Amino acid sequence: MNESNFDMNKVLNRERIDYVLFHLFQNCQFDHKLNDCISFGNKEEGLQNPQIVFPLSDTQFSIQKILTIDNIPVLFPVSNNETFFRFEDGNLYFEHDLLKSSFYLLSGYQEYNSSEKDILGRFPYKKSIQEQLGIIEKPVVNYYFEIILNAIEQFCNINQLSFKRTYFFENFGFLLTHDVDKIDKYNFSDAVFKLKQILKLSPTQVPYKRMFRANSKYLLRYFNPIYRKNDFWNFDELIEIEHALGIKSAWYFLENDSPVDSYYQFDESRIQHLISNLEKNGHEVGIHGVVRSAYDVQAMKKGLIALNKYTRNKVVGGRQHRLMFHLPLTHLIHEQVGLKYDSTLGFAAHEGFRNSYCLPFKLYDFESERIIDVWEFPLIVMDGTLFSYRKLNNTEALVQVKKLLSEVLKFHGLFTLLWHNSFFDNDIYPDITIFYNQVLRYIVAQSPNVVLGKDLIKTI
């Protein structure tokens, strides 16, 4: 966690307050007169209309000062009162600074200028407030907003002002995404790596015995092409599964840029045919930004230009490879090149809510004090998180999916699932294809609004 706290030892300025209100008021419609009732810090004397008073904390963040009310942590309490709000003489008083608490989590402030990095250079889950407070599976900002909106609705009823709750989705949104990292199961680099794993010269994320069996089978087939089956070129099968369930999905393509990226190029005829087929069947094609594009605008421009040569529809969004993200630089790059959305922000090491929010949101430019004009569709669950990082079995993984989906349902939120086309290795992950089908059927049974990123940006 960034311990410098930058200027979190001050009250939120108006730009940061407006950032929170921008997201809060997307969840309701109200009488414009309500704006004249809102004050910040203290009740404004002399005003005739009843007021809604948001207290503003000038203290810096301290995990020791967090106050928990109804199992919801308040990051910036301003008293010891274990209630969220009270009414007095027709006025609504919030007891704690929920705006600053929301800003801290939603903007990703903890990551800003942080020196903490994991082995890949990403902000690590283990250093996050979500891990420290045990709130990765709870969209805390949505809880804050629900508390604030319920209080304001009561205030409007008392003072005969119109107020109506609105939702992004009738039930909840489901965005199914696929990162196309690899399209060929057998290649020299992977063969060398798997041999090193057998010799215990490279790490493995699965039990050694299972890895040994799977890697031995891989190497036998690598050196005997007649027995090979390219399980990574499985696009027709995946499309068939989705169409049977009435699902369309977004496919994010990654062009070979370095050894840490892919092993294919956009101009390959099979890739061109695949992209055309996906779009023809109503799916979305997006950019899977190479590692360098997370901090290098030219790398992102190069990838976008190359991909747009082969798409019928202009690419408007995607996800960064390996979930590489530098806050707020990466979103500023997205904004500069004209992308409208991104879906990178989830922790690789743990499924859940990285920014403690389960709806589309925008990040904040701390230097220019403004909202960045790119939507973030938060990543809730990734295949590798469940089975590689967390090493869950299929039963445990399904429990986690159901738990997170239940949270999303509470707030009519957006459930974003990432499943790689190259994550269907039943030798490494037994019955993984069965599990994938089971997860999709469960989600569909909850009656989601199935969405694509390119369509969602037109409606929010």
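User: Before we look at any cysteines, what does "buried" mean here?
Analyst: A residue is called buried when its relative accessible area is under 20%, and exposed when that value is over 50%. Please keep in mind that this is a predicted model.

User: Is Cys-28 buried or exposed, then, and why?
Analyst: Cys-28 has a relative accessibility of 6%. The cut-off for buried is under 20%, so Cys-28 counts as buried.

User: And why does Cys-37 fall into its class?
Analyst: Cys-37 counts as buried because its relative accessibility is 5%.

User: How many disulfides are there in the whole structure?
Analyst: The search of the whole structure gives zero disulfides. Cys-28, for instance, takes part in none, and the nearest cysteine sulfur, which belongs to Cys-156, is 8.3 Å away.

User: Let us change topic to helix H2. How many of its residues are buried?
Analyst: Helix H2 covers residues 98-106, and nine of its nine residues are buried. Among them are Leu-98, Leu-99, Phe-103 and Tyr-104, together with Lys-100.

User: What caps its N-terminal end?
Analyst: Asp-97 caps the N-terminal end of H2, with a side-chain oxygen 3.3 Å from the backbone nitrogen of Leu-99.

User: And what follows H2?
Analyst: Gly-108 follows H2, and its phi is positive, near 75°.

User: Which helix gives the most to the lining of the largest cavity?
Analyst: Helix H6, residues 208-222, gives the most, with five residues. The lining of the largest cavity includes Ala-214, Asn-215, Lys-217, Tyr-218 and Arg-221. Lys-185, Asp-425 and Asp-427 are also among its lining residues.

User: What classes do those lining residues fall into?
Analyst: The lining of the largest cavity divides into four nonpolar, one polar and six charged residues.

User: What about the lining of the second largest cavity, by class?
Analyst: The second largest cavity has five nonpolar, four polar and one charged residues in its lining. Its lining includes Phe-347, His-350, Glu-351 and Met-382.

User: What is the volume of the second largest pocket?
Analyst: The volume of the second largest pocket is about 220 Å³. It is lined by 14 residues, of which Asp-231, Asn-234, Phe-424, Asn-426 and Thr-433 are the closest to its centre.

User: Which helix gives the most there, and how do the classes divide?
Analyst: Helix H7, residues 235-244, gives the most to the lining of this pocket, with three residues. By class, the lining divides into four nonpolar, four polar and six charged residues.

User: Is Phe-223 buried or exposed, and why?
Analyst: Phe-223 counts as exposed, because its relative accessibility is 60%. The C-alpha atoms of Phe-223 and Ala-191 are separated by 9.5 Å, and these two residues are 32 residues apart along the chain.

Conventions
Residues numbered from 1 in each chain as written. Predicted model: local features only at pLDDT ≥ 70, side-chain atom pairs only at ≥ 80, totals over all residues. Heavy atoms only, no water. Buried < 20%, exposed > 50% of the residue type's maximum accessible area, 1.4 Å probe, protein only. Helix = DSSP H or I, 4+ residues; strand = E, 2+ residues; numbered from the N terminus. Polar contact = N/O pair within 3.5 Å; in protein donor to acceptor, adjacent residues only side chain to side chain. Disulfide = S-S within 2.5 Å. 1 Å grid on protein atoms, 1.4 Å probe; cavity = no way out; pocket = protein on both sides within 12 Å on 5 of 7 lines; lining within 4 Å. Points joined across faces, edges and corners; volume = space filled by probe spheres on them. Nonpolar A, V, L, I, M, F, W, Y, C, P; charged D, E, K, R; others polar.
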